[in-house]
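Please examine the sequence and the model shown below. The explanation leads from the overall composition to individual contacts.

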Amino acid sequence: MEKLYQQRIEEHRITEEPFYITQGNELDIALAAYTNQLPILLKGPTGCGKTRFMQYLAWKLKRPLITVSCHDDLSTSDLVGRYLVKRNEAVWVDGPLTLAVRHGAICYLDEIVEARKDTTVVIHPLGDDRRELPIEKLGEILTAPPTFMLGVSYNPGYQSVVKDLKTSTRQRFVSLAFDYPEKELEEKIVKKEGGVDSGLAAKLVKLALMTRGLKDSGLAEGASTRLLIQAAQLHNSGVPIPEACKAGIIESLTDDAQLIAAIEDMAEALF
């Protein structure tokens with residue numbers, strides 16, 4: 001079983017440097033948090049680079065990164081583990097959080113507020129100076145090694161009050177605020193990740209900035225850096241830029257016909 005767990009953990013090791021450009025001192029703070037065995041909270045809009053940052057941090061620290069995409073049905077057993085029947089025998093299988101704690105990996109809970117409230121409570125003793133994970137079904141308490149790190153993320157501008165982070169959870173973390181990169185930096189990212197030239201990258205970023213100004217007109221969120229990259233990738237694969245923008249950006253932002261038409265007019269004016 002130990003060999004199997006070792007194979008599982010190695011699957012999460014990042015061997016090649018992810019492309020990431022720092023926007024400020026976020027890396028220095030995260031490294032200091034790791035040194036002091038503190039958990040980190042990344043907050044910011046969708047597609048602004050939170051997950052990529054965690055990948056880069058894991059590569060920098062040379063630790064495996066286990067990512068969990070949180071959702072309404074995520075249970076404590078999904079995180080911690082459960083008994084499974086194999087060959088007429090009940091066998092315990094570690095969940096991703098337990099696996100990370102046992103092997104001193106980084107566990108990243110993406111969009112933590114989407115998980116059930118009773119599920120997020122399990123991370124509380126991991127997020128303070130105890131650094132412990134109780135496994136009730138085994139009657140065991142795991143103490144995290146120094147190499148273990150807990151990271152969580154959420155989008156504060158998109159969540160309802162019902163799904164906001166509890167104060168008792170929030171105050172366990174070192175918090176890093178993320179936002180979309182500055183214009184010049186975002187152009188570099190889109191150019192590199194999307195495989196397009198500087199001129200097209202600049203126009204895509206300009207379109208994004210225009211959509212981000214539509215929040216007062218009913219658009220929940222403007223175009224993310226991620227959407228710009230996927231539109232660039234579509235175009236780089238032969239899709240004409242108007243169609244690439246429509247499929248890769250506009251239709252992903254909203255279902256409102258008027259807003260779609262307005263953003264299409266913006267794109268047409270640019271391209």
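The paragraphs that follow describe the fold, the sheet, the cores and the aromatic contacts in turn.

This is a predicted model, in which local features need pLDDT of at least 70, side-chain atom pairs count only at pLDDT 80 or more, and totals for chains, interfaces and linings use all residues. Residues are numbered from 1 along each chain as its sequence is written, and side-chain values use heavy atoms, with hydrogens and water left out.

The protein contains 12 helices and 9 strands; helices (H or I, at least four residues) and strands (E, at least two) are DSSP runs numbered from the N terminus. Its C-alpha atoms fill a box of roughly 65 × 40 × 40 Å along the principal axes. Of the 271 residues, 48% are buried, where buried means under 20% relative accessible area, exposed over 50% and partly exposed in between, with a 1.4 Å probe and protein chains only. Contact means heavy atoms within 4.5 Å. Among contacts between residues at least 6 apart in sequence, 73% join residues at least 24 apart.

An open sheet is formed by 5 strands in the order 2-5-8-1-9, with parallel pairing; two strands pair if DSSP finds at least two bridges between them. Strand 2 (65-69) and strand 9 (174-177) stand at the edges with a single partner strand each, so one side of each lacks a neighbour in the sheet. From one strand to the next, the twist averages 20°. Strand 1 (residues 40-43) pairs with strand 9 in the parallel sense over 4 bridges, and V174 in strand 9 is the bridge partner of I40.

Helix 2 (residues 26-35) lies across strand 1, strand 8 (149-154) and strand 9, and runs at about 165° to strand 9. Helix 5 (residues 96-103) packs on the sheet, touching strand 2, strand 5 (106-110) and strand 8, and its direction makes about 160° with that of strand 2. These axes are lines fitted to C-alpha atoms, for helices over the stretch in contact, and angles run from 0 to 180 degrees between N-to-C directions. P96 has its place in helix 5 and touches I66, V68, D78, L79 and C107, not counting residues up to four places away in sequence.

A nonpolar core is a set of buried Ala, Val, Leu, Ile, Met, Phe, Trp, Tyr and Cys residues joined through side-chain atoms within 4.5 Å. The largest has 32 residues, of which L97, L109, I112, I123, L133, F148 and L150 touch the most other members. Helix 5 gives the most to this core, with 4 residues. I123 touches L97, L109, I112, L150, V152, T169 and F173, again not counting residues up to four places away in sequence. A second, separate core of 30 residues includes V190, I249, I263 and M266.

Strand 6 (132-135) runs antiparallel to strand 7 (residues 140-143), to which 4 bridges join it. L133 has L142 in strand 7 as its bridge partner. In this hairpin, with 4 residues between the strands, G139 takes a positive phi near 60°.

Aromatic contacts complete the description. The whole structure holds 5 aromatic pairs, rings of Phe, Tyr and Trp (its six-membered ring) being paired if their centres lie within 6.5 Å. One aromatic cluster is formed by Y20, F53, Y56, W59 and F178. The charged end of R212 sits over the ring of Y180, 3.9 Å from its centre; the criterion is NZ of Lys or CZ of Arg within 6 Å of the ring centre and within 35 degrees of the ring normal.

How values were computed: Rings of Phe, Tyr and Trp (its six-membered ring) pair if their centres lie within 6.5 Å; planes under 30 degrees apart count as stacked, over 60 as edge-to-face and the rest as tilted.
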